[in-house]
Amino acid sequence: MTYNVQPLRTATEIQQFMHAVSVGRYSKRNRFLVLLGMNTGLRMSDIVRLRVADVKQIYNCTITEQKTGKKRLLYLASIREEVLTYIDGLSDNTYLFVSNYGRPLRVNSVYKIFQKAALRMHRHDIGTHTLRKTFGYHYYQQTHDIATLMILLNHSSESVTKRYLGIEELDIQNALKGFRLGK
């Protein structure tokens with residue numbers, strides 16, 4: 001089986017995924033993890049390293065991405081209420097996403113959570129990169145601003161960003177919808 005992680009392309013898919021990760025003891029943590037990932041486009045390796053102090057700022061904060069070493073500004077205004085609710089009562093040094101052992105979640109643990117959710121949804125194309133791709137896909141659909149999206153995702157070129165999201169493929173499919181010659 002080929003493993004190809006895809007974004008959640010519709011509001012229904014997003015709601016189904018949010019519901020699927022909300023099953024069990026850590027539903028609040030898992031829902032917030034998904035919400036944060038979809039609204040920031042961060043890699044999972046950066047999400048699991050976040051602490052309360054990192055997201056406590058009024059509207060946005062700056063982090064250093066693990067993979068690239070580059071500074072990245074996170075815009076959290078759109079989910080500010082959820083952030084404040086989630087971190088209420090937590091100390092600044094606390095990791096946002098902890099395991100049942102009290103340690104920060106590992107990317108592999110998040111992958112397992114997402115795989116269980118994917119099975120509930122009867123999908124085989126969900127992984128830890130799904131949230132990042134969902135962010136990129138919906139940002140592009142709403143703005144058609146590939147240049148800014150490239151910067152947000154820290155990609156080296158627009159073509160990398162288009163390939164990453166499968167945009168060229170979607171553009172071709174949409175262009176050919178209804179195209180037919182002959183009878």
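**Exercise 1.** Work out which elements cover the buried residues of α2.

*Solution.* Start with the cover: it includes α1 (11-21), α3, β2 (71-75), α5 (80-87), α6 (107-120) and α7 (130-143). Contact here means heavy atoms within 4.5 Å. Helices (H or I, at least four residues) and strands (E, at least two) are DSSP runs, numbered from the N terminus.

Before going on, a word on the model. It is predicted, so local features need pLDDT of at least 70 and side-chain atom pairs count only at pLDDT 80 or more, while totals for chains, interfaces and linings use all residues. Residues are numbered from 1 along each chain as its sequence is written, and side-chain values use heavy atoms, with hydrogens and water left out.

Next, count the covered residues: 10 of the 14 in α2 are buried, where buried means under 20% relative accessible area, exposed over 50% and partly exposed in between (1.4 Å probe, protein chains only). Among them are Phe32, Leu33, Val34, Leu35 and Leu36, but also Arg29 and Asn30.

Finally, check the geometry. α2 (residues 27-40) reaches 20 Å from its first C-alpha to its last, close to the expected 20 Å at 1.5 Å a residue; the expected span is 1.5 Å times one less than the number of residues. Just after α2, Gly41 takes a positive phi of about 75 degrees.

**Exercise 2.** Find the residues with the most contacts inside the largest nonpolar core, and the element that gives the most to this core.

*Solution.* A nonpolar core is a set of buried Ala, Val, Leu, Ile, Met, Phe, Trp, Tyr and Cys residues joined through side-chain atoms within 4.5 Å. The largest one has 38 residues, and Phe17, Leu33, Leu96, Phe97 and Phe114 have the most contacts inside it. At least two residues each come from α1, α2, α3, α4 (52-55), β1 (60-64), α5 and α6. The top contributor is α2, with 6 residues. Apart from this core lies another, of 9 residues, including Tyr140 and Tyr164. As background, nonpolar side chains tend to be buried together in soluble globular proteins.

Now zoom in on Phe114. Leaving aside neighbours within four places in sequence, Phe114 is in contact with residues including Phe17, Leu33, Val34, Met44 and Leu131.

**Exercise 3.** Decide whether Asp46 is buried or exposed, and locate the nearest side chain of opposite charge.

*Solution.* Asp46 lies in α3 (residues 44-47). Asp46 is buried yet has no salt bridge: the nearest side chain of opposite charge, Arg49, is 4.4 Å away. For charges, Lys and Arg count as positive and Asp and Glu as negative, while His and the chain ends are not counted. Not counting residues up to four places away in sequence, Asp46 touches Ile63, Thr64, Glu65 and Gln66.

Notes. Salt bridge = Lys/Arg side-chain N within 4 Å of Asp/Glu carboxyl O.
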